[in-house]
Every structure is written in C-alpha cells, then in structure tokens.
Amino acid sequence: MSERGMGAAMGQVPEYTCMVTEWVKEVSDLPVIVKLTPNVTHIVPPGKAAQKGGADAVSLINTINSIMGVDVETMIPYPNVNGMAAHGGYCGTAVKPIALNMVSELARDAEFNIPISGIGGINTWRDAVEFMLLGAGNVQVCTAVMHYGYRIVEDMIDGLNAYLDEKGFASVNDIIGKSVNRVTDWGNLDLNYDVKAHVNEEHCIRCNLCYVACEDGAHQSFEFVESNGHRYPRVIEAECVGCNLCALVCPSPGAITMERRDDGTEPQTWKQRTQGN
Ligand SMILES: Cc1cc2nc3c(=O)[nH]c(=O)nc-3n(C[C@H](O)[C@H](O)[C@H](O)COP(=O)(O)O)c2cc1C
C-alpha cells in the first residue's frame, strides 16, 4: 500500500491507527497484531493507539525511510527507475539499535501492556535474545532469511536453547523483559560512575588511532611515552572522561580497556547533583 501512502497514513497518525485497529477487530476473530512504523518521532503514541483500538499485540519495527545513495556519475539516486528514484525501506543489521530502542520504549511504558513482537536486524540467536530481554515476547526475521534462507532460524533455535540451558532458564518466557528496567532516562544515570581508558602496551600496535580520535574528536586525553624503545600512546587520566571512543577505534583486541576508577561512592544523578541532595 506504500504506493497509495496507506501505511504511512495509518502508522503516523495515532488516531488512525486506533480507528483501523478497531475496524479489523470488529470483523475478525483472529488475534490482531498491529505492525508499527519506525518513521515517527516517538513510538509510544502509535503503540498505545493500537492497544486502545483493541490490538492483541504490536510488532515493530517496519522499515525506515531511506535513500541508499546517489550514482555520482549519472547523478541519479538509487534505485534508478528510468532516471527517477524514490525512498526505500532500510532494514537488516543496521536498524537493530533503532528497533531495540523502540521496543524498549514501549516495554518501559507503564500504560502499555500488550505483547510485543520484535523485528529489525535479527541475524543470530544473540540478536533474538537482546530483543526478548528488552521486552519482545517473540521475534520475526525478514532480511536475514532473504539473505541466508530459512535454515538460519534453526541455528537461532539451537543457540537460544543453549543459552537458556547455560543460564539455567526453564523457558524462554523467563528472559522476556529481564533488561527492561536497566534502561532509564539520561538524567537518572549515575554521575559518580567513573571509568578511564587504559592502554595495555603488550597488545598495542602503535597505530595511534586512539590518539587521533581523542585529540580531534573527543577530550585530548592522550600523550606519548617512550617505553621499551618504542613510542606508545598513554591516557592522561585527569583529562579522560571515559567516553570509550579510543577503545572503539582501536583495531587491536585488548590494547585499550575501560577501567573503573571511582571508589564506589553513593550513586548521584544529575538531578540530585543540581538540586544539591
Ligand atoms: C523486501 C522487503 C519487503 C517487505 N515488505 C513488507 C510488507 O509488505 N509489509 C510489512 O509489514 N513489512 C514489510 N517489510 C518489512 C519487514 O517485515 C521488517 O519489518 C523489516 O524489514 C525489518 O526487519 P529485518 O531487519 O529483519 O528485515 C519488508 C521488508 C523487506 C526487506
């Protein structure tokens, strides 16, 4: 229905989502799972609208509006349909973080209490577990099956079973939503939690990517030191804010670790600090 703008019209206006869900519920005895579009600013209003309309569950996310690129020779964006392009639907691995956020936002909402089916970038059992931990009661897979075939679902089932056994869970139901209360708003995070980057010279290949990234993109927290006849980057702890950028750009496993430096003092949120309690 995208050619007629139907999906967008229903998914982006909560009143329509509610109304169409009611219509479907009126005429069907089957369970109704309303699929939510991620092309909205905030996922909770359409989710609640589906619930209000009588949906038995919601599934999310659908694909994200996108233009994959432009052929710089012809200057025609992809996909080239006789010289013209239109937006496509972004999906697969890249959308997983967006999908996880939206699933967790709904799962965290106290007034939202119908089941969630998680979709978006699920390739492995681990991805499936992540969605379930953040509140999805089951998961769906599209792109990965298109890419690798249905057989990857067998691998996911095996991996999930092994994970549940290892963790001592009797049923997959035991992990649903287990990480939901670990997500909060920024203002509730502990400002006293203090980590610093540390360079482990035995694994450092002296590529200096950490230095460049920190110098130009973060907090100028690196200096160089001579050690064993070589020049190594070293963290200036007084400057390091623990942002993790150096560890992310480091290509050598184990060369940069993030190490806890606070002394376990009472957690303090931004609100508590600014309000002086
Ligand atoms: C080629 C293609 C066609 C799709 N068609 C539909 C569709 O007709 N209706 C729908 O609700 N979602 C459709 N989707 C969205 C998928 O069901 C899924 O929500 C989305 O791709 C994210 O999951 P994934 O990362 O596992 O692909 C389509 C996705 C792809 C890649």
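I looked up where the ligand sits: it takes the space of the second largest pocket. The structure is a predicted model, in which local features need pLDDT of at least 70 and side-chain atom pairs pLDDT 80 or more, while totals for chains, interfaces and linings use all residues. Residues are numbered from 1 along each chain as its sequence is written, and side-chain values use heavy atoms, without hydrogens or water.

I noted the terms. A pocket is an open set of points on a 1 Å grid over the protein atoms alone, where a 1.4 Å probe fits, with protein on both sides within 12 Å along at least five of seven lines; lining residues have an atom within 4 Å of a point. A molecule sits in a pocket if more than half of its atoms lie within 2 Å of its grid points.

I then looked up the pocket itself. The second largest pocket has a volume of about 260 Å³. It is lined by 18 residues, and I61, T63, C91, I119 and C142 are the closest to its centre. Its lining divides into 10 nonpolar, 7 polar and 1 charged.

Next I turned to the ligand. It is surrounded by 13 residues, each with a heavy atom within 4 Å of it. K35, I61, G92, G121 and T143 are the closest. This shell divides into 6 nonpolar, 6 polar and 1 charged.

I checked polar contacts (pairs of N or O atoms within 3.5 Å). A side-chain N or O atom of K35 is 2.9 Å from a ligand oxygen. Backbone N or O atoms of G92 and C142 also lie by ligand oxygen atoms, at 2.8 Å for G92 and 3.0 Å for C142.

Definitions and conventions
Polar contact = N/O pair within 3.5 Å; in protein donor to acceptor, adjacent residues only side chain to side chain. Nonpolar A, V, L, I, M, F, W, Y, C, P; charged D, E, K, R; others polar. Points joined across faces, edges and corners; volume = space filled by probe spheres on them.
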